[in-house]
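Here are my notes on the helices of this model. Please read them with the structure open.

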Amino acid sequence: MNLNVDAPRRAIAEARSVVVLTGAGVSAESGIPTFRGGMEALWKSFDPLTLATPEAFARDPKTVTEWYDWRRQKCREAVPNAAHLALAALERVLAARGGRFTLLTQNVDRLHQRARSRNVVELHGNIVEWRCAATGRGGEIPEGPFPERPVPSPHRAGAFLRPSVVWFGEALPEAALSAAFEAAQACDVFMSIGTSAVVYPAAGFIDVAAANGAKTIEINRDPTPLSQRVDWSLMGKAGEVLPKLVEQSS
Ligand code: BJW
């Protein structure tokens, strides 16, 4: 990979506040399938996007729970990759010079936290915690696969536990949404990494940042709707591009 990262690296080096938005591509090199990757994204013969809705859970809680339990185990077994580690390192570099770093993630796998990123905003929740679909109350769950799927809720007879993720048509957590807007408005550099940039409101934060004068960087294996609009589009795998960018930004 012969990628010129000098100019974006300089922008990061001069920034007081950096915001990063990550998507499934950042965890792909940890073995976690993406959502829109064609065959690689399929689970059994299901399109994941048809399972990530409250309607799918209401209609077929068994299949949706099986998919999320399968993914929960994959996330548990996965280890953070070079991209997760580079972002945690960048946060430490920013902190050391009194700057600010905010990591907005659409991923539910908790790999950023396991890589020791600190200021992580989970836009789409997480797959580790589960709650009663009827009452919203949290439930104790085993680490390993659920013995019964769907999982009966201990809080209401006849109800099931669901993952604490944000499905299509559901509102993002209020605190995450306002933290993301505030950080995007105030940053000097906004990076969009490993996301197809088609799911809103997450895909809109880069526009908030750009409208307030931030420099914009994209890192993606493939072109996205952002690629022509950002200041720097760095085409490649996040686990290869990010370490180059970060090791030279300190
Ligand atoms: C690599 C790589 C490597 C691979 N290195 N790169 C405005 C306009 C239009 C529509 C809307 C709008 N506002 C809201 C909507 C509706 C909807 C939406 O956006 N629809 C669009 C699809 C049209 N949004 C919502 O419904 C949201 N809710 C909402 O807005 O609520 C409003 C409301 C207010 C008040 C009351 C009620 C409602 C919620 C969105 C929730 C999204 N949920 C999911 C599932 C989460 C749980 C789970 O994990 O199962 O989130 S869907 C799925 O998409 C998941 C992801 O986080 C999200 C984004 O996907 P991501 O991460 O970008 O993955 P991919 O697979 O798409 O892309 C991977 C990329 O990586 C690719 O580009 C590859 O090239 C790249 N790549 N390997 C670098 N190694």
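**Notes on the helices**

1. Helix 6 passes helix 10 in a left-handed crossing (the near helix is turned anticlockwise from the far one by less than a right angle; clockwise would be right-handed). In helix 6, Ala82, Ala83, Ala86, Leu87, Ala89 and Leu90 meet Ala238, Gly239, Leu242, Pro243 and Val246 of helix 10; contact means heavy atoms within 4.5 Å. The residues of this contact are 10 nonpolar, one polar and no charged. Gly counts as polar here, while Ala, Val, Leu and Pro count as nonpolar.

2. A word on the source. This is a predicted model, where local features need pLDDT of at least 70, side-chain atom pairs count only at pLDDT 80 or more, and totals for chains, interfaces and linings use all residues. Residues are numbered from 1 along each chain as its sequence is written, and side-chain values use heavy atoms, without hydrogens and water.

3. Helix 5 covers residues 61-77. Helices here are DSSP runs (H or I) of at least four residues; strands (E) have at least two. Helix 5 is mostly covered, with 12 of its 17 residues buried (under 20% relative accessible area; exposed is over 50%, partly exposed in between; 1.4 Å probe, protein chains only). Trp67, Tyr68, Arg71 and Arg72 are among the buried ones. Their cover includes helix 3, helix 4, helix 7, strand 4 and strand 5.

4. Val208 lies in helix 9 (residues 205-211). Val208 counts as buried because its relative accessibility is 18%. Beyond neighbours within four places in sequence, Val208 contacts Phe181, Ala184 and Gln185. Ala184 is 24 residues away in sequence, yet 6.1 Å away C-alpha to C-alpha.

How values were computed: The expected span of a helix is 1.5 Å times one less than its number of residues.
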